Amino acid sequence: MVDTAYQGPHWVSHGVADQKIPIHVLDTDSDPVTGVSSPTVQASKNGASYASLSDGTWAEISKGDYTIQLDETDTNKLGWMLVSVTKAGITEAKALVYVGIDQAEFRSGHIRLRTLHRTGK
């Protein structure tokens, strides 16, 4: 079984490829589940119906930890995204993801705001 609690939130950049989010898979005894291959990975962007991801590459790390890779199409809508993982024989795992500006842009904007605040302009 998979832990059905929402995992996250995970923050990813808008419209950027090769971003990975982690997801942890547990059974009903809260033991890690290993060897999960080829699950169905779908996402709801801002409350829209679930649809398959453009990338959605699933990879096992170890000890019940996996990653889901997102591409620029998967992250093309700003706001929240709910990622769902299902497979016969396990329950659903979900991860909450926020799609926003990248960290460099966030930092640059923060520095500009601090400068404006200090100078009073």
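In this predicted model, Thr 75 is buried, with a relative accessible area of 0%. The cut-off for a buried residue is under 20%, so Thr 75 qualifies. Thr 75 sits in the loop between S6 and S7. Leaving out residues up to four places away in sequence, Thr 75 touches Val 12, Ser 13, His 14, Gly 15, Val 16, Gln 19, Leu 70 and Val 99. The side chain of Thr 75 reaches the backbone nitrogen of Val 16 at 3.3 Å. The side chain of Thr 75 reaches the backbone oxygen of Asp 71 at 3.1 Å. Gly 100 lies 25 residues from Thr 75 along the chain, and their C-alpha atoms are separated by 8.7 Å.

Strand S6 also belongs to a sheet. Three strands form this open sheet, in the order S2-S6-S5, with antiparallel pairing. Strands S2 (19-24) and S5 (58-62) are the edges, each pairing on one side only. From one strand to the next, the twist averages 30°. Six bridges join S2 to S6 (residues 65-70). Within S6, Gln 69 is the bridge partner of Lys 20.

Nonpolar side chains tend to be buried together in soluble globular proteins. Here, the largest nonpolar core has 21 residues. Ile 21, Ile 23, Trp 58, Ile 68 and Val 83 have the most contacts inside it. Two or more residues each come from S2, S3 (40-45), S6, S7 (79-87) and S8 (90-100). S8 gives the largest share, five residues. Val 83 touches residues that include Ile 21, Val 41, Ile 68, Ala 93 and Val 97.

Technical notes: Residues numbered from 1 in each chain as written. Predicted model: local features only at pLDDT ≥ 70, side-chain atom pairs only at ≥ 80, totals over all residues. Heavy atoms only, no water. Pairing = 2+ DSSP bridges. Helix = DSSP H or I, 4+ residues; strand = E, 2+ residues; numbered from the N terminus. Axes fitted to C-alpha atoms, helices over the stretch in contact; angles between N-to-C directions. Core = buried A, V, L, I, M, F, W, Y, C linked by side-chain atoms within 4.5 Å. Buried < 20%, exposed > 50% of the residue type's maximum accessible area, 1.4 Å probe, protein only. Contact = heavy atoms within 4.5 Å. Polar contact = N/O pair within 3.5 Å; in protein donor to acceptor, adjacent residues only side chain to side chain.
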